[in-house]
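Here is a short report on one protein chain. Look over the sequence and the model, then read on.

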Amino acid sequence: MIKILPLLVLIMSCSAPKEVMDNSFSVIYKSEMGGAEKSGHLLIQDNETYIQFIESLKLDESEYAKFLAVDFKKKNVLVLYQGQKNSGGYEIDIESLSNNKESIVVKKKETGPKKGEMATTVITSPYCIALIPKGDKIIIKRRKNIH
C-alpha cells in the first residue's frame with residue numbers, strides 16, 4: 001500500500017491542467033470609435049505589427065503616449081472588438097484572465113445602454129487594447145452584459 005501511494009499522488013496531480021487566475025494583464029486603451037465593423041479579436045505578437053496597428057488607428061499625437069513600448073518576449077497585445085453598433089453607450093473590456101499550461105483564457109465583458117437610457121444616435125465600434133502574458137493559444141470567452 002505504501003508503494004502505491006506515491007504513484008497515486010503523481011497520477012492525480014497530472015490529471016488536468018489547473019487554471020490559475022492571472023492579473024498580469026493591463027488595458028492600455030479603450031474607445032467607442034475606430035474599432036472593427038465585426039466583433040472579434042486581434043492578437044499582436046511582434047513590434048512591427050504593433051506599430052502598423054497603432055498607425056492604423058489614426059489618433060491624435062497626444063494619445064500616442066498611452067501606447068507604451070511592449071516587450072514582446074514577455075507580453076502580447078490583444079485587441080478586442082465589439083463590432084459596429086447603432087448608438088453610443090456600448091463598451092468592451094477584459095473582465096479576467098486565467099492561464100494554464102496549454103492556453104490563456106480571456107473573459108471579455110460587453111456592456112450596452114440600459115433600457116430606457118438615453119444614448120447618442122451615432123454608429124460606434126467599441127474596442128479595447130490590452131497587454132497580456134505571452135502564450136501559444138488564446139481563448140476568448142464572452143460574458144455579455146447588455147442591459
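Predicted model: local features only at pLDDT ≥ 70, side-chain atom pairs only at ≥ 80, totals over all residues.

**Overview**

Residues are numbered from 1 along each chain as its sequence is written, and side-chain values use heavy atoms, leaving out hydrogens and water.

**Fold**

The protein chain has two helices and eight strands. Both are DSSP runs, numbered from the N terminus: helices are H or I with at least four residues, strands are E with at least two. Along the sequence, the pattern reads α-β-β-β-α-β-β-β-β-β.

**Salt bridges**

The whole structure holds six salt bridges. Each is a side-chain nitrogen of Lys or Arg within 4 Å of a carboxyl oxygen of Asp or Glu. Among them, K30 pairs with E91 at 2.9 Å, N to O. K30 sits in strand β2 (residues 26-31) and E91 in strand β5 (residues 91-99), 61 residues apart.

K30 also forms a salt bridge with D93, with the closest N and O atoms 3.1 Å apart. D93 lies in β5 and K30 in β2, so this pair ties together parts 63 residues apart in sequence.

Most residues other than glycine have a negative phi. K58 is not a glycine, yet its phi is positive, about 55 degrees. K58 is found in the loop between α2 (47-56) and β4 (75-81). K58 is exposed, at 75% relative accessible area.

Notes:
Buried < 20%, exposed > 50% of the residue type's maximum accessible area, 1.4 Å probe, protein only.
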